[in-house]
Amino acid sequence: MTESNQNAEVNRTSSNAFGKVMGSRILWPLVSLVVVLVFNAIFIPSFFTIEVRDGAFYGSLIDVVNRGSIGIILALGMTLVIATGGVDLSVGSVMAISGAVAALILTETDLGMWGLLPSVLLVALLAGLMNGVLVAYLQIQPIIATLILMVSGRGIAKFITGEKIITIGDESHNYYFDFIGKGHLFGLPFTVTLFAVLFLLTCLLVRATSLGLFIESVGANETASRASGIADRRIKIAVYIFAAFCAVIAGLIDCSNINAADTMNAGVFTELDAIFAVVVGGTSLTGGRFSLTGSLIGAILLQTLMTTLYTYGVPSDVAPVPKSLVIIAVCLLQSPVFRSKARRLVGRGATA
Amino acid sequence: MSGNESNANQGSGNTRGSLLPKKWIPLLVTAVVFVLLFASASMRFEGFASMYVVADLFSENAFLGITAIGMTFVILSGGIDLSVGSVIGFTSILVASLITDYGMSPWIVWAIALTLGTTLGAAMGTLIHVYRLPAFLVTLGGLFFARGMAFHVKPEAVQIDHPVYDRLGDVAIPIGGGAELGIPPLIFLSLFVIALVVAHYTRFGRNVYAIGGDEESAVLMGLPVGKTKILVYTVNGFLSALAGITMTLYMDSGNPINATALELDAIAVVVIGGTLLTGGVGYVAGTLLGLLIYATIYQVTFFASLRSSLATIAIGMLLLGFIVLQKVVHRD
């Protein structure tokens, strides 16, 4: 251990500027993204073709940001939760509930968006409160606390839709709801505007105020934060509510996209995608420092990888295999034990 | 051994526990919940209190029980394994496909499946212990990997029609009342007895409890922490593969989507059975009770012709109740 510390010390003094670039948490995801894109540029030339039809852009790259929007939005909420040292496994189930509620309101009532938006926001508030209270006040490990909602949430969603797929037919068609998942704004899918606005607002919220600092402080050392007057419990509850808020937005996108509430499949495994995007983006699962930009890049990287695989004809059901290998590889690269072992190997090679 | 433990409990200044050790409370509550649930269901529904229903409780959930036994050890050691459902699904389609599409002997296929499951478990255990990666993240990777491989083997369900399966399907041991137990519940029950012995009467079992209780102390005591942790995940990989094979015996088919999200049910069964999620405290016997509660809830929704989503919600609420109970009981 001391040996690797000394090594790090030497590295730091010998090349400060170089070390700063190498140490940047968004460097590796960015490099991986560039590698995948360059690979695509060489082997799949059509990947970068963008067509203009009816004033809107179409192409693989547009596809990446459009399909990736759900992952990106979930990753924003997940970043803040993970920064406090927690994790939220329930986002996929909350997505399903959100879609179920939206479909029910559109098909069974005439309230339209005026009934839909407050209802899903209420869903987010309740889901986030439940997770947050369990974690902050009952001190239950976040994995377990959010597991409860992950299990029962899908049951709740199925119960709402009566265990069948609710299709939003022509008679209950709503222009605004349709626009969320399928509309175009500024020539790009509306989902792009949606995640961009959410991303900027979140950045503004946590970086222009001291909120981000508080979140990092709670994740780094809860006791010290409380001692210095930070309301750690309220911060925790707030981030879980924010994650649930992101989840219901993602749920609306998903539901609007397929024009139905499919509670069996909506949001399945998305919590894992979001966690991976955050980890790949350089935010440590132990909490503390976080990078929203890193998570954004992480989510886009994952989606680019998926789209590339689909282009190669890998069935979407099999795609998790390479995905899981990439994820484990990235985690290994970030593991201090693996790094010090690799460094020792490289060092031995250099001296010999 | 259990005498020693309760002595230690009293020694740590727990005067309240002299009558009833604190760590038994969740187990006792589980037992009471099961008895109440079964008794009230028997009164409410005609024909519920029969050996048929009892046999059903075991037969329908044998594969869940098998993987829950492995999960008990993982959770006792302070870890978690989210890959079990996918490994079961992968094993079921692999076994079905190799037997039906390639005409291989079931015995060889089972050996292959068990080897693969064990290897995956060992690989995950190694990543978790040697590189200090979070268990839930590594096993999440395992979940993706195994589910993807399942679809790679074959994207749709495969029927199994083989003399060995026919012969094993005919095996049935009468348990009275006209009901019979087939091979799957028998595998589960024999594994349950083995697990009881391993947990409470072997060095490995004691090491698992010690690591889950306090890993640093276990290291300082010179216990083989690394070996035990890796072994726990390896055993769970083996048991998940066995659960997948059991599933093919029960259903006479394999399907890549089998056992989706079963890991959550397995964790729920273990926790409802009174095992502490932070590790170190719990009983294999509790897992059996947890499984019976889980199975009874589904039987009740079946008898009352309620929606099965209500059972999911009920199990979630029960999980919440038991986790809060654990917090209250073990608050120091």
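Biologist: Please start with one pair of helices. How do H5(B) and H13(B) lie relative to each other?

Modeller: This is a predicted model, in which local features need pLDDT of at least 70, side-chain atom pairs count only at pLDDT 80 or more, and totals for chains, interfaces and linings use all residues. Residues are numbered from 1 along each chain as its sequence is written, and chains are lettered from A and ligands numbered from 1 in the order in which they are written.

Now the pair. Helix H5 of chain B covers residues 84-102. H5(B) packs against H13(B) at an angle of about 125 degrees, and their axes are 6 Å apart. The two helices are therefore oblique to each other. Angles under 35 degrees count as roughly parallel, over 145 as roughly antiparallel, 65 to 115 as roughly perpendicular and the rest as oblique. Axes are lines fitted to C-alpha atoms, for helices over the stretch in contact, and angles run from 0 to 180 degrees between N-to-C directions. Helices (H or I, at least four residues) and strands (E, at least two) are DSSP runs, numbered from the N terminus.

H5(B) brings B:Val84, B:Gly85 and B:Ile88 to the contact. H13(B) brings B:Leu262, B:Glu263 and B:Ala266. Contact means that C-beta atoms, placed from the backbone, lie within 7 Å. By class, this contact has four nonpolar, one polar and one charged residues. Ala, Val, Leu, Ile, Met, Phe, Trp, Tyr, Cys and Pro count as nonpolar, Asp, Glu, Lys and Arg as charged, and the others, Gly among them, as polar.

Next, the partner chain. The contact between the chains takes 36 residues from chain B and 34 residues from chain A. On the chain B side, the elements that give two or more residues are helix H7 (135-153), helix H13 (262-272) and helix H15 (308-329). That side has 26 nonpolar, six polar and four charged residues.

H7 of chain B holds B:Phe145. B:Phe145 is buried, with 26 other C-beta atoms within 10 Å. A residue is buried if 20 or more other C-beta atoms lie within 10 Å of its own, exposed if 12 or fewer, and partly exposed in between. Neighbours within four places in sequence aside, B:Phe145 is in contact with A:Pro320, A:Val321 and A:Ser324. B:Leu82 is 63 residues from B:Phe145 in sequence, and their C-alpha atoms are 12 Å apart.

Phi of B:Arg132 is near 55 degrees, a positive value in a residue other than glycine. Most residues other than glycine have a negative phi. B:Arg132 is exposed, with 11 other C-beta atoms within 10 Å. Chain A has a case too: A:Gln139 has a positive phi of about 55 degrees. A:Gln139 is in the loop between helix H6 (113-136) and helix H7 (142-161) of chain A. A:Gln139 is exposed, with 11 other C-beta atoms within 10 Å.

Back to chain B, and to helix H14 (residues 284-303), where B:Leu292 sits. B:Leu292 is buried, with 25 other C-beta atoms within 10 Å. Setting aside neighbours within four places in sequence, B:Leu292 is in contact with B:Phe34 and B:Leu57. B:Gly117 is 175 residues from B:Leu292 along the chain, with 26 Å between the C-alpha atoms.

Helix H9 of chain B runs over residues 183-201. At 1.5 Å a residue, its 19 residues should span 27 Å, and its end C-alpha atoms are 27 Å apart, which agrees. The expected span is 1.5 Å times one less than the number of residues. Its buried residues include B:Phe188, B:Leu191 and B:Ala195.

In helix H10 (residues 203-213) of chain B, the buried residues include B:Asn207, B:Val208 and B:Tyr209. The cover over the buried residues of H10(B) includes helix H4 (62-76), H9, helix H11 (215-220) and helix H12 (225-251) of chain B.

Last, a record. An unreviewed UniProt entry lists "transmembrane region" for stretches of chain B including residues 62-95 and 266-297. Its positions are given in the numbering used here, feature names are shortened, and annotations may be inferred rather than shown by experiment. Residues 62-95 of chain B are 79% helix and 0% strand, with end C-alpha atoms 18 Å apart. Residues 266-297 of chain B are 66% helix and 0% strand, with end C-alpha atoms 15 Å apart.

Key: Contact = placed C-beta atoms within 7 Å.
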